[in-house]
Amino acid sequence: MGPDRYVCPLRCATVAGIYIHIPFCDHKCIYCDFYSIESSEKTGQFLAMLDREMDLYRRLGHGQKIDTIYFGGGTPSLLSPDQVEHILDRLHSIFMVDGDAEVTLETNPGTVNEDKLAMFRSLGVNRLSIGIQSFHEDDLKFLTRIHSSREAKECVEAARAVGFGNVGIDLIYALPNQTLEQWEDNLHQGVALQPNHISAYSLIVERGTPLWRMVEAKEVPAAKTEIEASMYRTTMEFLRDAGFEHYEVSNYALPGFRSRHNSSYWDHTPYLGFGPSAHSFWQNRRWWNIANLNSYCQMLEKKEVPVAGEEHLSSNQLLEETVMLGLRSDGIDLEELKQCHQIDAISLLSPEVEQLSRDRLLVFDPPLLRLTDDGYVFCDELTKIILAKLP
């Protein structure tokens, strides 16, 4: 087996995940660079082609137990319960879905009520990821979110009322002119809702988005690096004190409530992505679908897989990703590096680990090498330092 077909035996999992990209939105926010369209008129055609795409992968997924299903987008909660039921029924008919699978639906406040949430839950959706972003009306207006702070809180309360026991919320910090006190208030209000999971993201100015054009034109200022770092440190400390585990750069969970699906992205568990722009990873091959609904449907009408590009990861690329993803999450398992890549990382990294440990950026808790809170702030830089010492 050559290096381009390398497969680490520890990564040959018998479970896999499935991601479904729902490309429809009521409104596209100024910071979002995910593929979506502000129209739902082609939902019927999309669902028909989604069926066809899933069927094309029937043989690939044979024998793999599907452990997680994630509806992302876009705004998946715009779908009707009947449409979600159709997708889930189709998945169960094609793949071997585990009875205890984690089934997540990204949800935007204002797109659901108690009745709709109750129906989603009855269909097997057992985890919600609610895109709140902020509890401050001026922040929501700037981000061009179409819900209010009150609707955000009502969405979480409705989810609890119908029996959802696993609810996550998304928050964004480092907005232009946002103060540390304002961000702390968002954290207070978020924790007060008693979610099981919080994703706290720094606002990234993605090229090509309306926000990027506003920053380029100097209509709004980008957050200063030192303020962003201060907000990040505050987030880690605040949520740890509230009982949350910091298990990935931007993700925090109460014990037992880590996102199983997202965790699969960080440890090279195989997953299949369906829908326009969706990504997949299977046996060290990564591919991604065309990010255009019309082209996606046209290709599937001709029974062609709607793939825009692909890459086969070499052993070196897998090593780099293992280091990068490990530092972003629970840490690098140095024993696994030795078994999978025949690298004595403990010896190779000894001087750097000693220095970075003294600087309180890394902790070596054998066999895991993991970041401290200060280390997370410099995650990218530390990743480069460690990769530079590995063959």
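Predicted model: local features only at pLDDT ≥ 70, side-chain atom pairs only at ≥ 80, totals over all residues.
**Ground rules.** I number residues from 1 along each chain as its sequence is written, and my side-chain values use heavy atoms, with hydrogens and water left out.

**Salt bridges.** I started with a search of the whole structure, which finds 13 salt bridges (a side-chain nitrogen of Lys or Arg within 4 Å of a carboxyl oxygen of Asp or Glu). Side chains of opposite charge can pair when their charged atoms come close.

I looked up Asp374 and Arg233, whose side chains meet in a salt bridge at 3.0 Å, N to O. This pair links distant parts of the chain: Asp374 is in helix H15 (residues 373-377) and Arg233 is in helix H8 (residues 225-241), 141 residues apart. Helices here are DSSP runs of H or I with at least four residues, strands are runs of E with at least two, and both are numbered from the N terminus.

My cut-offs: buried is under 20% relative accessible area, exposed is over 50%, and partly exposed is in between (1.4 Å probe, protein chains only).

Next I checked Glu245 and Arg258, which meet through their side chains at 3.2 Å, N to O, in a salt bridge. Glu245 is in strand S7 (residues 245-248), and Arg258 is 13 residues away in the loop between strand S8 (251-253) and helix H9 (260-266). Arg258 also forms a salt bridge with Asp330, at 2.7 Å, N to O. Asp330 is in the loop between helix H11 (315-328) and strand S13 (332-333), 72 residues from Arg258. Relative accessibility is 30% for Glu245, 30% for Arg258 and 38% for Asp330.

I followed S13 into an open sheet of three strands, in the order S13-S15-S14, with antiparallel pairing. Strands pair if DSSP finds at least two bridges between them. Which strands are at the edges? They are S13 and strand S14 (362-365), each pairing on one side only. Two bridges join S13 to strand S15 (residues 368-371), and I found Ile332 opposite Leu369 in S15.

**Helix H5.** After H5 comes Gly163, with a positive phi near 105 degrees.

**Arg286.** Last, I looked up Arg286 in strand S11 (residues 285-289). Arg286 counts as buried because its relative accessible area is 14%. Leaving aside neighbours within four places in sequence, the residues in contact with Arg286 (heavy atoms within 4.5 Å) include His268, Tyr271, Phe281 and Glu321.
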